[in-house]
Amino acid sequence: MFLLKRKTSTPPTPTPVVPTPVIKPPPPLHKRISLVIDKKAFILIAGNDFLEIESETGKITEKDAYEPSRDAKSFDIFGVVGFLELLTGRYIIVITDRKNLGRIQDKNVYMIKRVAILPLDYERALKILEKHPWPVDEDDQRDTDTLQEDANLEEEGRSHKRYISNEIMETEVAEAEKDFPPIQTAVSASPTSVPVSATPPTSPDPLSFINKKQPVSVLLSKMKSAFSDLSKRRSPSFSSNGSDSDYEDREGEFTSVSTTLNESMATGSDNLSSNDSDIPKSSSDKLSPLSTAAKRVTEVLDGFASDFGVPKAINIKDPIEKNVMDVRIAKEIALLFRSDAFFFSYELDITTSLQKKYAKGFPKKELPLWEQADKRFWWNEHMLKGFIELELHAWILPIMQGYVQCELCQIDEQEFDFILVSRRSRERAGLRYQRRGINEDGAVANFVETEQILSIEIEGINHDVSFLQIRGSIPLFWSQSPYSLKPKPVLERSANENAQAFKEHFNKLNEMYGHISCINLTELTNREAIVGSAYREAVERLEDEKNIEYIEFDFHKQCKGMKYENISKLVEMLKTNFNKMGYYWQANKAMSENEVHCQQTGIFRTNCMDCLDRTNVVQSALAREVLNLQMLRLGISEFIDGGISHYEHFENIFNDVWANNGDSISREYAGTSALKGDFTRTGKRNLQGVVNDASNSLARMFQNTFKDFFRQATIDYILGNRSIEVFQELQQKFETSQPGDSERWAKVRATAIEISSSIVIIDNEEKINGWTFLSPTEPNTLRSKSYEEKVVLLTKKALYVCTFHYRLEKVMQFKRIGLGEITSIEKGEYILSTLYPSCVSVKDNYGFIVYYRASGESSRVNSGSMRNNNNYKTNNNNNSEKKFMAFKAFRSNLVGEATKFDGGGGSEEKNNEQKEQKSSQQIVNEVVEEIVKACWDIGNAEDVGFVVERPIISLEEANKSTGIMTKVGFKVKQALWL
């Protein structure tokens, strides 16, 4: 018998409760900051946050507290744009003036009015800040953000005093009689800081050049030859990004850098301001584009009589010249950021559309503002990488280029906000003729996303409706010359390259926006048809009717005779597209999640040639059509037909906002206000508008021809697309390569070597290596009127020299030189020009000459027919005749020119990890060594003196052969471009 015992149950072990991790929200952005300039460091102070930036190293460190020295001086700023490494050291860019534009979704949005570019050097930074035109204490400075920030500071026991007071303005302005009066202040950097004072100067810009007031001479005859020379250049140009007062407030910008600025820096002067403000005091002081150009040329010609030597170029290796270039770069950055084209918000992500925010669940409290930004439109990300790496969330302020306007409107006692936000992409950023078409990644020039928003409160619920449109250059590889009013477009690259980039572009658009309705406004005939028809054919080849629809509307033909009302025909054609596409509508309830009533499922992609004037007119017409429907559904309007045309006051606001948008985008891309702006503003075309358009067209030509090159280099640099060497390339070539050109040319040259090898090398010969070199077009010469790129191939039996057509990708002709017939090789400096420093550097200008017996040469020309025979083969009996071929290695510091030893071509920019480039001298030495070894292997090159090292063309010889007119022409160009 078994006795069963009851098991005592063990109480279950309680499952430990894992607390839900509390995600700490990132700190809000600092809206008001004290910048303290101290002897060894710059300190950023906002509330209880302290950032130390070491002057010597640029190292950024968070501090718990800061005790300023007696020499410390403090200034109020509104944010940090970023940091840049220039030639003389590291610089910080800070916002010194802003304008409150209004509120979007109850958050303030600002426009940058002015920045200061400060070297991390105590003395130099103070000189700049003490002469900086600080803002007047106007109503736009006392917005709710400022008041709240000041209230917070008071709670912390700190006073954050205004830098400028109206009282001082009244007492000082009469005495100074300047545009910007002296101002004094005392700002505490911390509760124990030493009170400091600073006196901003009368000059509006510490980076303005010294202006020499000289009479404008009659220069038309002299400039004519200069322009005729310019017309031979084919490089595309880019446009300035200026405000309406582009010529009113920038007289100093046109001062010759090669004369005035060099003189200033050579004397060690940091004061680049003159008694004459860079803002003219009256309309009579305004300079037209041609008069400013004439003034600069006059200065050059006046100063050249006493200087018959080599023109002074900006040598970035010289300390004095580094200062010169840094000042020029800093001035261009300052002008760029004071062009009323950059916008930001401390609390709202303005880079992302309402619908995209909803799709991503933004705003997310656990994410800092910069992590929510659309990187396509975040222009200062590269400059803020130091803050980003340290995750200094409260200091990272995303800045966008484009346009923002907020208007409070009223119809029948119903108030609502009408808002327009345009976001310019940074992915192929630049100006008009400098950036056209597409790049390899599918990004197009002048790509702008424009969002029209209407916000209204109905029965306690906030409603936001928006409509999104995009514009962008025709997505093919093409370019135009900047040296005429109506240049002919040129298609570039192979059909395969165009197809790949085109497909990539639309794949990205489909993913981001849905169905794409492409509206092409270019002419169907004449010059514009070159790219317009190619665009249509590319869409047809893509065969993606489900995701892409192509619509042609010849704007000039349809609206000929100023009949702009014919745009309604296009709107009528697109009725079906409007219905399918829809728009975005969300209701923001106070105690619950947003309720979305409808979403936009497609987008209009509009373009003309520039994506400016015609595009803006059509986009405003499309936006009006959608707005009429939105207002009807919101109950604001009761008119089914006519819509906003029944409300004259609001219609004027609508027209003005869109016209302002067109002007802003046009200034950012072409340097002037938009054409056809009179129609956008009034709905009518008039004679005055035609006259204004003609004037703006001439101004655009000036911008494209002269001003655009330096600003394009500046934009590429601040975006991180190019290294600081871009400015050296600019002063040497008066143009800059596009980002990615170096990698592309490396591939192109490698392909040229591969194709040439497969065609010209005899089957029983083994290839050793291949390179590309510059060589005189005329045979047996060292100096020629023109030079061409040659593909040089070395085998174990011969040396092949090929003329390669890069566009057609074929060998046009080649010469074969037997290694046994080479008599000697000479290597040394090979200087062809003395106009700028890199042209006279031995290590960057090196070459070699191959001497050989004529009996060892054979040649063949590709005639494209059965007559493709040997042109000649030298008689073996004529052993006494000798020939030579000269080769010059490409300078490694010029993008698109440098040739790597491994057969590639093109230098690499210092964007990420840059491989060290070999100098021309190193390349030549290694190539000659390989040729000599190959000759030695067959029993040649055994004689003493087979290789001779001596100058091919010395500096002295090159200087003698550089004519006086060549020097004058170079100096004129330098004055106009730089």
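## A threonine in a loop

A polar contact (a pair of N or O atoms within 3.5 Å, one able to donate a hydrogen and the other to accept it, with residues adjacent in sequence counting only if both atoms are side-chain atoms) links the side chains of Thr-352 and Asp-349 at 2.5 Å. This is a predicted model, where local features need pLDDT of at least 70, side-chain atom pairs count only at pLDDT 80 or more, and totals for chains, interfaces and linings use all residues. Residues are numbered from 1 along each chain as its sequence is written, and side-chain values use heavy atoms, leaving out hydrogens and water.

Thr-352 sits in the loop between strand 9 (342-344) and helix 8 (354-360); helices (H or I, at least four residues) and strands (E, at least two) are DSSP runs, numbered from the N terminus. The side chain of Thr-352 also reaches the backbone oxygen of Gln-372 at 3.5 Å.

## Buried or exposed?

Is Thr-352 buried or exposed? Thr-352 counts as buried because its relative accessibility is 3%, and buried means under 20% relative accessible area, exposed over 50%, partly exposed in between (1.4 Å probe, protein chains only). Beyond neighbours within four places in sequence, Thr-352 is in contact (heavy atoms within 4.5 Å) with Lys-357, Gln-372, Ala-373, Asp-374 and Arg-423.

## The whole chain

Now for the wider view. The protein chain has 24 helices and 30 strands, and 58% of its 978 residues count as buried. Among its contacts with a separation of 6 or more, 70% are between residues 24 or more positions apart.
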